[in-house]
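Hi everyone, thanks for coming along. Please have a look at the structure on the screen, and then I'll walk you through a few of its contacts.

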Amino acid sequence: MKQVTERPESSSEARSAAGAGPGPAGTQAHNGRTTGPGTAPAATGAATTKPSVDTPPVFEIEKLTVRYGGKLAVHDVSFDITEKRITALIGASGCGKSTFIRSLNRMNDLIPSATVEGSVRYHGQNLYASEVDAVQVRKRIGMVFQKPNPFPKSIYDNIAFGPRVLGMDGNMDEMVERALRRGALWDEVKDRLKTNAFGMSGGQQQRLCIARALATDPDVLLMDEPASALDPISTGHIEDLMFELKERYSIVIVTHNMQQAARVSDMTAFFTVVVDEASGHRHGEVVEYDETEKVFTNPSDERTEAYVTGRVG
Amino acid sequence: MSVAEAPAARAVVRGSSSGARLREILFPAALLLCIGFAMLTLVVLLVDVAVDGIPVLSGEFITGFPSQIFPERSGIQSALVGTLLLMAVCAVFIVPVGTATAIYLEEYADNNRWWNRLIEVNIQNLAAVPSIVYGILGLAFLVRGPLELGRVVLAGALTLGLLVLPVVIIVGREAIRAVPSSIREGSMALGATQWQTIWKQVLPGALPGIATGVILALSRAIGETAPLIVVGAASFARFNPNDLTSDPFSALPIQILAWVQDPQDEFRALAAGAILVLLFLLLLMNAGAIYLRNRFEQKW
Ligand SMILES: Nc1ncnc2c1ncn2[C@@H]1O[C@H](COP(=O)(O)OP(=O)(O)O)[C@@H](O)[C@H]1O
Ligand SMILES: [Mg+2]
């Protein structure tokens, strides 16, 4: 099993927590980007859509195709996701946004029928290489789901669960407080850390799930429609939180709320459903990936334009 | 809506035929009658047993050993101890085996594999196999046969365990299935392994349900008679088994059967007393199951 390489600036605490030493010697290049021995980033970068951004990619996705039981769900997706930015994935229901985002931390492994082709390089390391352990991947790449899914435990134990199973050392009380502060929840719950998380409001539960994901000190936060089950005020809280978080984390968010994508994200990928003429089977593809402002004001694909201006979808 | 429409609407509302209304009354009445009949039978049985049994209940009845000659000096100590030992050993056997099987079938087994489907069908069918067949199995494989345990508590408890294992597995699977997959995903997304997820999230969530299943299974096992007869439980044990693997043992249902078959009325009264003790244990277990369910069951 091979350790997924980490960002150089990640704390030694997180490094020891991941349960192994540093990555293979000599694979860490400058400016926070790491490359595996066999990868040549310049060569692949040219082939993929690459808007002008200043920070290095955290994910380089190449020809990613996901099938469920042989049926195509997401086809041939290639683009780079930039570090410390918020990347929005938009598109109509069923176009494979969830499937795609779940392939970034190998959550699709949990679905027995799902198969993945192509590659997702995370700091240069292909997550689907045979030596990579999916559990190690998820330690570095956190995820928040559409419906808040707190564990039926106290608020404290919800946060502490991740650090405990990863065997992170350090003062647990401090880790819990830090995570709750990052999740913008500390002030609301500091007096009732031992109460059951099921007693919180939906918005608080979702921020708890975000804080829970942050407690293990990940590098990336994947969010699949994190606000779609919440009221507007809670949604506002989550959006504010995302702005704070992008200082430290790379964030990928699925949303079908156009305004939300426009408000929070730096980059936007537009997914659409493509219908196969012969079989009538539907699958998702990325038709446009660019800076959010460009996608929303001056899209280059007419399907994107139709979607963002609200004519379809 | 205009005022003119109102009478017409009222006519529609009133329009159900008297026949339909009669059915509305008769059907629940018939249901009630059925329940009443079942309850009545139960009450008559209980009263009958209580009338015969309560007079014999006493400290000596609980602590005494059975006698074939003197009903007034007879007691159920060896049968009660045998039953409690059987239940304890049975629980020690079915909890880990039943839980492990339920976890395997729910969390690991790939239903596309024929052997997993075979296991599943087997378990469902095993739940319906007559208990005497388990007794014969116990006799052939545990008492004699490869294990050669003899007519001891361990053999009886394992036989009862095999008999009720399907119940534990089926109820356990339901409890495990009731833990939502979002909990598993949340745990796995934090970097927990599948085993950590099962051990720290799924099992704690399913535990009240599993415990309820175990109690229900034991309350079936406690009344089983036929398999114990086959594996050779003693009808009149004049001492308690000292251990699980060498001494003969008795059990309440066996003792009851022996007394019921006795021509002397005094002995049949003892049977009624023993039935009351057995019923009390049964009620205790069911109360425990209800308490567990109400107190600890997770609402997702
Ligand atoms: N677990 C699954 N098994 C089989 N098909 C699935 C599964 N999850 C999603 N799909 C299919 O994959 C396609 C994309 O779904 P999804 O990724 O959930 O889209 P989105 O999140 O954009 O609504 C849909 O056609 C859906 O039916
Ligand atoms: Mg989705």
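**Helix packing and chain contacts**

Let's start with helix 4 of chain B, where B:M87, B:C90, B:A91, B:I94, B:V95, B:T99, B:I103, B:E107 and B:Y108 meet B:Q194, B:W195, B:I198, B:V202, B:L203, B:I210, B:V214, B:A217, B:L218 and B:A221 of helix 9 of chain B. By class, that contact has 16 nonpolar, two polar and one charged residues. Contact here means heavy atoms within 4.5 Å. For the classes, Ala, Val, Leu, Ile, Met, Phe, Trp, Tyr, Cys and Pro are nonpolar, Asp, Glu, Lys and Arg are charged, and the others, Gly among them, are polar.

Before going on, some housekeeping: this is a predicted model, in which local features need pLDDT of at least 70 and side-chain atom pairs count only at pLDDT 80 or more, while totals for chains, interfaces and linings use all residues. Residues are numbered from 1 along each chain as its sequence is written, chains are lettered from A and ligands numbered from 1 in the order in which they are written, and side-chain values use heavy atoms, with hydrogens and water left out.

How do helix 4 and helix 9 of chain B pack? Their angle is about 135 degrees, with the axes 9 Å apart; helix 9 covers residues 194-221. Helices are DSSP runs (H or I, at least four residues), numbered from the N terminus. Axes are lines fitted to C-alpha atoms over the stretch in contact, and angles run from 0 to 180 degrees between N-to-C directions. The two helices are therefore oblique to each other, given that under 35 degrees counts as roughly parallel, over 145 as roughly antiparallel, 65 to 115 as roughly perpendicular and the rest as oblique. Their crossing is right-handed, meaning the near helix is turned clockwise from the far one by less than a right angle, and left-handed is the anticlockwise case.

Helix 4 of chain B (residues 77-108) also packs with helix 5 of chain B (residues 114-126), at about 135 degrees with axes 11 Å apart. This crossing is left-handed. Here B:T101, B:Y104 and B:L105 of helix 4 meet B:W115, B:N116, B:I119 and B:I123 of helix 5, which gives five nonpolar, two polar and no charged residues.

Now for helix 11 (residues 252-260) and helix 12 (residues 265-296) of chain B: their angle is about 155 degrees and their axes are 8 Å apart. They are therefore roughly antiparallel to each other. Twelve nonpolar residues, no polar and one charged make up that contact.

On to charges. Side chains of opposite charge can pair when their charged atoms come close. Over all chains, there are 21 salt bridges, each a side-chain nitrogen of Lys or Arg within 4 Å of a carboxyl oxygen of Asp or Glu. In one of them, B:R173 pairs with B:E106, the closest N and O atoms being 2.9 Å apart. That links helix 7 of chain B (residues 153-178) to helix 4 of chain B, across 67 residues.

Finally, what does chain B share with chain A? 17 residues of chain B are in contact with 23 residues of chain A. One salt bridge is counted between the two chains: B:E185 with A:R102, at 2.9 Å, N to O.
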